[in-house]
Amino acid sequence: LVSFAVARMGTSFRPVTAALLLCLLLPLVFAAPNDGLVRIGIKKRKFDQNNRVAAQLGSKEGELLNSSVRKYRFRGNLGDAETDIVTLKNYMDAQYFGEIGIGTPAQTFTVIFDTGSSNLWVPSSKCYFSLACYFHPKYKSSKSSTYKQNGKSAAIQYGTGAISGFFSEDSVKVGNIVVKDVQFIEATKEPGITFLAAKFDGILGLGFQEISVGNAVPVWYDMIEQGLINEPVFSFWLNRNADAEQGGELVFGGVDPNHFVGEHTYVPVTQKGYWQFDMGDVLVGGKSTGFCSGGCAAIADSGTSLLAGPTAIIAEVNHAIGATGVVSQECKLVVSQYGETIIRMLLARDEPLKICSQIGLCEFDGSRGVSMGIQSVVNENIEKAVRATSDATCSACEMAVVWMQNKLKQNETQEQIIDYANDLCDRIPSPMGESAVDCGGMSTMPNVSFTIAGKVFDLTPEQYVLKIGEGAAAQCISGFTAIDVPPPRGPLWILGDVFMGRYHTVFDYGNLRIGFAEAA
């Protein structure tokens, strides 16, 4: 087994608005216990609330930090067609980092170990015109005796720009093993402030080669091919104890039995690319939300801090935990004008997926409602504005149908259902994704549970609420954020560190499965 310790960085938030974190990682190598694992410990400085750079940035730059910074790309079933789906993936919120070495002698870099991507990239010494490169160590090929020139250009597209550069090959040290001839990207352009203020230097992807930019072979594939690990398996233990010195461990080649309790529940990978699997119903306080009772897709993603899911369910969760987001006027308008009609149609057993198209707010494509775009060759801006409004109205209608259908199953009155839907409109997450909660109210909040392979995995309020600071200065945010992916790829959940911190996660490449067990 190759064991790699990772550090957790604190995350700072104002209510509803995420603020940039700043911590100092100090490497410390210590003697390993006699268990066959080589451990590299990483210390971290306790989070300082004064280090809140994002709060001082302009709105445009602030949005850069808080909005999506990359896209998930889902390869279709036919040919090489790809569908780009923007998500709320923000590396600024990622909490777990570790060190690797590139070259001979090794040049040290701090990276995010990200199961939601597949490339390794670090800043290049040839990065001359991006300010971010001057605040991070840069790879110098001339200093490495094992460097091999490649030169093929590369770019990784993010929601707010692109990392670009070129491929090189060199040895990469991960834990106590050295992987030879690894293809990685020397980044020569890192736009904006996202990477300028980051306390990580690069990203090491642990996804499948199917989503690798340039079809580069992922580092962990090379580990397997070169016979450096016992089994084609890696596992994450993320320490959620905020006061602990060690952030966690990433173990290549198997699992550490000290990291989990009981047995793992395994679920097959349904599509190579991301570590994607099928998930069942989502429960709030033991009651079904109804949205995923027929199944949802899910991704285990170590590079995402929060739990991302369909807006309709996130609003229900936020309502149950008292989280406040941004009032959606489109949502309230739909409930006031069409709420009673939707209830009547549900009672008449009309097909829920067709209701919004039947009342004229969406079109129906055979699987779900789609917004009705209005074509115009006179003014493209007007067309875009109309389309945006139409999209919001259609989405609000579809959410209202889910909420009302769920309440009808509980035999509530029409008045109660309308009031509930209006209240949920107030709980829709803000455009930046986060929702504030009352730190003092956690004792009354319900568990939120996920059904995987027929087993229910609970999260308590203490596990899904992120608490920043202590005493009167403490601030809390919901660990849930919204992402809406239409069928056939969705509905989709992204189970990030909030979930993986509670449940030790095994990524089993040999058997193409993912396992979850209670973390020790």
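1. The model is predicted: local features need pLDDT of at least 70, side-chain atom pairs count only at pLDDT 80 or more, and totals for chains, interfaces and linings use all residues. Residues are numbered from 1 along each chain as its sequence is written, and side-chain values use heavy atoms, with hydrogens and water left out.

2. Tyr-128, Phe-129, Leu-131, Tyr-134 and Phe-135 make a nonpolar surface patch of about 700 Å² (patch residues have over 30% relative accessible area and no salt bridge, and nonpolar side chains are joined within 5 Å; a salt bridge is a side-chain nitrogen of Lys or Arg within 4 Å of a carboxyl oxygen of Asp or Glu; areas come from the Shrake-Rupley method with a 1.4 Å probe). Leu-131 lies in the loop between strand S10 (120–123) and strand S11 (148–158) (strands are DSSP runs of E, at least two residues). Leu-131 counts as exposed because its relative accessibility is 53% (exposed means over 50%).

3. An open antiparallel sheet has four strands in the order S20-S19-S26-S27 (strands pair if DSSP finds at least two bridges between them). Strand S20 (287–288) and strand S27 (455–459) are the edge strands, each pairing on one side only. Strand S26 (residues 448–452) is joined to S27 by five bridges, and Ile-452 stands opposite Lys-455 in S27.

4. Five strands with mixed pairing form an open sheet in the order S18-S21-S31-S22-S30. Strand S18 (276–279) and strand S30 (480–482) each have a single partner strand, so one side of each is left without a neighbour in the sheet. Strand S22 (residues 307–309) pairs with strand S31 (residues 492–495) in the antiparallel sense over two bridges; Leu-307 has Leu-495 as its bridge partner in S31.

Notes. Patch = residues over 30% accessible without salt bridge, like charges linked within 9 Å, V, L, I, M, F, W, Y side chains within 5 Å. Buried < 20%, exposed > 50% of the residue type's maximum accessible area, 1.4 Å probe, protein only.
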